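User: Hi! I'm new to this one, could you walk me through it?
Analyst: Happy to, let's start by putting it on screen.

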Amino acid sequence: GYADVYGRVGSLLEVGTGFHPELTGRENIFLNGAILGMKRIEIDKKFDEIVAFAEVEKFIDTPVKHYSSGMHLRLAFAVAAHLQPDILLVDEVLAVGDADFQKKCLGKMGEVAKEGRTVLFVSHNMGIINQICPQTILLNKGLLATFDSSEKVVKEYLMHDGVHKSDIHIEPDSNKKIAFTRVWIADQNGKATSNFDVRRPFSIHTAFLVQQRTRGVDIAVRVRNSSGVIVFTSQLSSTVDDSEVDFHPGNYVSHVQIPAELLAPDSYSLMVAIHIPFVTILDRYDEILRFNIDETGSLMSKYRGGYGCILVRLSWDIERKN
């Protein structure tokens, strides 16, 4: 495809893009500004603001090759947002930053948009898209599928090509130490399905192949609702009593039980991952399955105005005081 561009474009597509590793943070700010077509006097005016936003004052004269990925991101985003491009392109690179800085970046993108400039934010984080983007474009195999309000597009994306899929078989990647071979969701009778009674429990199952002996592996599932909000994440840890368990070559199956009346009636998507915590992701699939929780007379069915994300049975007490 192609794009007609009207104005100066700033982009943040990958950590460190446009940075020279041998140059200091200070020098890279001026280099990035020059690439964007800024004059030195314009960069000088914004310099202190950029450094303060990035929170790298102590390291501004240190070569960026010594920066962590988080520091790279801080400085790169600060430069891209403060040098006033007419169009700001931001990819999912924000996931590298810590939670506080992500909030700071989202706030800055909102400010840029309010100033009348264009922000094009590319992400699979449906919650953030709903939060900051009034309109969303959905692409499918490089072609425009939908262009509408974010709420409508997010729901279409989460349900696209997966409404009735409840069991997926996967050809394992021979280059991975551990790879998924199957993911399925089953009702209380063990039948694979994508529609569940809110009053009944169900279970999430994964099958995976260990191709090389691996230590300290966790298996995780994450569930998002139709608005893209993460409802919960759960994981099976292979660390027992501070000792990491070895996974020897072979086939394995994991199961996790979801209680009745936990998830509110809605449409959901499932992510599965196998990882070594804080080290590496061995295999992962986002939105691999979609499923529905149907209202059949739950605890909250008599109330109008929405359920929230979950239904919770809490302990209540009442006593007469006179």
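This is a predicted model: local features need pLDDT of at least 70, side-chain atom pairs count only at pLDDT 80 or more; totals for chains, interfaces and linings use all residues.

Analyst: Buried means under 20% relative accessible area, with exposed over 50% and partly exposed in between, using a 1.4 Å probe and protein chains only. Strands (E, at least two residues) and helices (H or I, at least four) are DSSP runs numbered from the N terminus.

User: Which strands does strand 9 pair with in the antiparallel sense?
Analyst: Strand 7 (residues 178-187) pairs with strand 9 that way over nine bridges, and strand 16 (residues 250-258) is also joined to strand 9 by nine bridges, running antiparallel. Two strands pair if DSSP finds at least two bridges between them. Phe180 stands opposite Phe208 in strand 9, and Ile204 has Val256 of strand 16 opposite.

User: Switching topic: what is the order of the open sheet of five strands?
Analyst: The order is 8-18-17-11-12, with mixed pairing. Strand 8 (195-197) and strand 12 (230-237) stand at the edges with a single partner strand each, so one side of each has no neighbour in the sheet.

User: And what joins strand 11 to strand 17?
Analyst: Seven bridges do, between residues 218-224 and residues 266-276, and the two strands run antiparallel. Ala220 has Ala273 in strand 17 as its bridge partner.

User: Now helix 3, is that buried or exposed?
Analyst: Twelve of its 14 residues are buried, so helix 3 is largely enclosed by the rest of the structure. Among the buried ones are Met71, Leu75 and Phe77. Just after helix 3, Gln84 takes a positive phi of about 50°.

User: Last one: which residues lie nearest the centre of the largest pocket?
Analyst: Leu120, Phe121, Val122, Thr136 and Ile137, out of 31 lining residues. On a 1 Å grid over the protein atoms alone, a pocket is an open set of points where a 1.4 Å probe fits, with protein on both sides within 12 Å along at least five of seven lines; lining residues have an atom within 4 Å of a point. Strand 4 gives the largest share of the lining, five residues.

Conventions: Residues are numbered from 1 along each chain as its sequence is written. Side-chain values use heavy atoms; hydrogens and water are left out.
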